[in-house]
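Please have a look at the sequence and the model, and then I will go through the contact step by step.

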Amino acid sequence: MHLARFPRIKLGHFPTPLEKLENLTRALDGPNIYIKRDDCTGLATGGNKTRKLEFLVADALAKGADTLVTQGATQSNHVRQTAAAARVVGMECHALLERRVENMGDGYEAAGNVLLDDILKCEYDFRPNGADMNAEAQALADNLREKGKKPYFIPGGGSNTIGALGYANAMEELIYQADTTGLKIDKIVHATGSAGTQAGILAGLHAMSAPIDVIGISVRAKREAQIANVHKLAAATSELIGTKTELSIDVVKAHDDYVGSGYGQPTDSMVEAISIVAQQEGIFLDPVYSGKGMAGMIGLIRQGVLKKDENVVFIHTGGSASLFAYQHLFSGQKAA
C-alpha cells in the first residue's frame with residue numbers, strides 16, 4: 001500500500017499488542033480468541049481514533065489549520081482523542097456533542113469522556129438528538145473562520161477516506177504480527193459505528209489480498225444501512241490507496257442484533273460481555289462500542305457461527321472512560 005505517501009504524525013503507541021485470551025477461550029468453549037489492543041494506543045487513555053487522527057491531524061497541519069472542529073455523541077471517544085491530539089500539536093479543539101442518550105441521569109453529561117474533554121479544555125456545546133451533526137459542525141467551522149481562525153473539520157468518528165487510512169495501516173500491522181507468530185486469522189470482529197474503522201480494515205485487507213472475513217457488530221444503524229455506509233467509504237478508501245481491483249459489497253458484513261433500543265442504550269448482553277472479559281482477562285471494554293461488539297462476538301460463538309477450530313481476532317477500540325457514565329449498570333442492577 002505504501003501509506004508513507006500520505007502525511008502522518010506520531011500520536012500513539014504502535015504496534016498495539018495482539019494477545020490470546022486463554023481464559024475467555026476456555027470459558028466460552030468456542031474459537032481461539034485473540035484481541036488487538038487498540039485500547040492501548042496511548043493518547044488520552046487510548047482508543048481506535050488515534051490511528052485515524054495520525055493521518056487527519058497531519059493533513060490539518062499541512063493545510064495550515066490552527067483549530068480542529070469535530071462532533072460526536074455526549075460520551076464520544078472520538079471527541080476526547082481529537083481534543084487530546086489538538087493539544088499535542090498546539091491547536092485548539094471545538095466540538096459539538098449530540099444528546100443521543102437522554103435517560104442516563106444528570107451525571108451523564110459531566111462524567112467519563114466529558115470530564116476528560118473538560119480537563120483537555122475542549123470547547124464544546126450540545127445539540128439535540130437527531131441533529132445533522134456534520135452539518136452543524138461544518139457551520140461551527142465556518143463561524144470560527146469568520147472570526148479569524150483556521151479550522152479543519154473532522155467528521156464524526158474521523159470517518160472519511162483520510163481517517164480510514166489509519167485502519168488500512170492497522171491491517172498491515174496486524175498481518176505482520178500474525179505472520180511473524182504463525183497465526184492464521186480466520187475472522188476479525190469489532191464494533192462498527194461511523195463506518196471508518198470497518199472501511200479502513202476492509203480497504204487494507206483488500207489492498208494486501210488478505211482473505212480474512214470481517215464481521216462488524218453495529219452499535220447504531222440497521223444492517224442494510226451500515227453495510228451501505230461501510231462499503232461506500234471502503235471503496236473510496238481503496239481508490240485513495242490506489243488499489244486496482246474493485247472492493248465488492250459482498251465482503252461487508254454487519255450484524256444489528258446487539259444495538260438494543262438505540263445508540264448508547266444499555267443491553268444485558270453488553271453488561272454481561274464487559275463483566276466476562278473483565279473477570280476472565282482483566283480487560284475493560286466500554287458500554288457504547290466494544291461492549292456491544294464483544295456481546296455480538298459472544299452471541300455468534302453461542303450460535304455456532306464462529307466455530308471451535310477458528311482463530312478470531314477481536315479489535316478492542318477503547319473507550320473504557322465512558323464506563324464512569326454508566327456505573328449504575330455494574331452495581332447489581334439490570335440494564336433493562
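Let me begin with a salt bridge, in which the side chain of glutamate 173 meets that of arginine 51, with 2.7 Å from N to O. Please keep in mind that this is a predicted model.

To place that pair, the chain is divided into domain 1, covering 18-47 together with 159-329, and domain 2, covering 49-153. The C-alpha centres of the two domains lie 24 Å apart, and the contact draws 36 residues from domain 1 and 26 residues from domain 2.

How many salt bridges and polar contacts are there between the domains? The count is two salt bridges, and 11 residue pairs are in polar contact, where both residues have pLDDT 80 or more. On the side of domain 1 that touches domain 2, helix H6 (161-181) and helix H7 (196-207) each supply at least two residues, and H6 gives the most, with eight residues. Sorted by class, that side of domain 1 has 13 nonpolar, 18 polar and five charged residues.

Turning to area, the size of an interface is often given as the accessible area lost when the parts come together. Between domain 1 and domain 2 about 2,500 Å² is buried, and carbon and sulfur atoms give 59% of that. Of the area that domain 1 buries against domain 2, Leu43, Ile162 and Tyr263 supply 22%, which is more than any other three residues.

Notes. Residues numbered from 1 in each chain as written. Predicted model: local features only at pLDDT ≥ 70, side-chain atom pairs only at ≥ 80, totals over all residues. Heavy atoms only, no water. Domains from an automatic or database assignment. Contact = heavy atoms within 4.5 Å. Buried area = accessible area lost by both parts, 1.4 Å probe. Salt bridge = Lys/Arg side-chain N within 4 Å of Asp/Glu carboxyl O. Polar contact = N/O pair within 3.5 Å; in protein donor to acceptor, adjacent residues only side chain to side chain. Helix = DSSP H or I, 4+ residues; strand = E, 2+ residues; numbered from the N terminus. Nonpolar A, V, L, I, M, F, W, Y, C, P; charged D, E, K, R; others polar.
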